[in-house]
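This report looks at how parts of one protein chain pack together. Keep the sequence and the structure at hand while reading.

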Amino acid sequence: WAATTTPHFGLAQSALLYRELGDRKGVAAVLLHLAGVSRAQGDPAAARSYLAEAIPIVDELGDRWATARGLLLSGLAGADQEAHAEAAVDLERSLAIFSELGDVLLVSACLVGLARLAAAQVGPEDVARLLAAAERTRAAAGAAWPAFLRTDYERALAAASGRLSDEVFAAAWAEGGGMTPLEAVAAYRSAAVKSPPRYPAGLTEREVEVLRLVATGMRDAQVAEELVISLRTVHSHLHSIYRKLGVSSRTAATRYA
């Protein structure tokens with residue numbers, strides 16, 4: 001009985017009925033809801049899976065608001081998974097559409113999503129500027145933060161304020177509060193270009209590439225072929241990866257990945 005009363009079950013049944021009726025708009029609407037529910041329940045992978053089907057449908061049907069909403073959810077779910085590059089593309093596309101449509105509240109939501117990315121990619125001052133611009137934009141809409149976004153906002157705010165002195169945070173906040181959404185995003189882009197990618201445990205970009213391939217089950221020779229490097233170089237990278245992660249086996253490194 002419990003399984004049949006969950007939001008997922010009801011929405012999934014609804015999607016099936018819409019498919020039987022050939023109602024693509026209905027299918028997409030349900031998938032967007034499923035994505036939101038999945039992310040709220042801590043399953044961003046499922047959310048992005050639903051959105052991968054929903055967004056092309058609403059885009060083809062010309063429903064720009066639904067497209068932007070789907071891209072916003074996809075960007076937030078991507079941030080949850082630390083898929084920063086993909087999330088940034090989705091959030092900036094969403095921001096552009098919401099700006100055209102004049103949906104000020106959801107423009108501010110896109111800025112919060114980008115602030116979450118900035119917390120992982122650039123400095124806390126950039127996060128503070130984005131959040132201040134988002135707060136100003138939200139206030140202009142005369143609405144409170146939507147429930148689905150409040151945690152994202154509070155998490156990014158804590159990340160920024162916890163790493164800055166009160167004086168520096170206040171200065172960054174004041175600067176961001178004077179920016180338009182597009183100005184805040186342009187400043188973030190500029191900072192992201194200047195800041196090299198940061199990986200956990202001090203891994204280099206190449207070591208991350210090797211680790212990702214190893215985690216898929218590739219043998220050392222396959223990794224060498226995929227990356228067009230020597231087998232000896234792969235072994236050297238793996239030795240460095242194990243040392244940095246504090247592990248001694250392929251299995252442990254894969255588990256970390």
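Which residues does S108 touch, not counting residues up to four places away in sequence?

## S108 and its surroundings

The model shown here is predicted. In it, S108 touches A134, T137, R138 and W145, once residues up to four places away in sequence are left out. S108 sits in helix 6, which covers residues 104-121. With a relative accessibility of 0%, S108 counts as buried. Its side chain also reaches the backbone oxygen of L105, at 2.4 Å.

R138 lies over the face of W145, and the distance to the ring centre is 5.7 Å.

## Helix 5

Helix 5 has 18 residues. From its first C-alpha to its last, helix 5 reaches 26 Å, close to the 26 Å expected at 1.5 Å a residue. Just after helix 5 comes G102, which takes a positive phi of about 75°.

The buried residues of helix 5 are A87, A88, D90, L91, S94, L95, I97 and F98. Some spacing in such a list can be read with a general rule. An α-helix has 3.6 residues a turn, so residues three or four places apart point the same way. The cover over the buried residues of helix 5 includes helix 4, helix 6 and helix 10 (181-194).

The model has 3 aromatic pairs. W65 belongs to helix 4 (residues 64-80) and F98 to helix 5 (residues 84-101), so the pair ties together parts that are 33 residues apart in sequence.

Are the two partners buried or exposed? F98 counts as buried, at 0% relative accessibility. W65 is partly exposed, and its relative accessible area is 39%.

## The nonpolar cores

Which residues touch the most other members of the largest nonpolar core? They are L72, L117, L130 and Y188, in a core of 58 residues. Helix 6 gives the most to this core, with 10 residues.

L72 touches L91, S94, F98, L106, A109, C110 and F148, again not counting residues up to four places away in sequence. Among these, L91, S94 and F98 are also on the list of buried residues of helix 5. A second, separate core has 15 residues, including L213, V214, V223 and L238.

Conventions:
Residues numbered from 1 in each chain as written. Predicted model: local features only at pLDDT ≥ 70, side-chain atom pairs only at ≥ 80, totals over all residues. Heavy atoms only, no water. Phe/Tyr/Trp six-rings, centres within 6.5 Å; stacked < 30°, edge-to-face > 60°. Helix = DSSP H or I, 4+ residues; strand = E, 2+ residues; numbered from the N terminus. Buried < 20%, exposed > 50% of the residue type's maximum accessible area, 1.4 Å probe, protein only. Lys NZ or Arg CZ within 6 Å of the ring centre and 35° of its normal. Polar contact = N/O pair within 3.5 Å; in protein donor to acceptor, adjacent residues only side chain to side chain. Contact = heavy atoms within 4.5 Å. Expected span 1.5 Å × (residues − 1). Core = buried A, V, L, I, M, F, W, Y, C linked by side-chain atoms within 4.5 Å.
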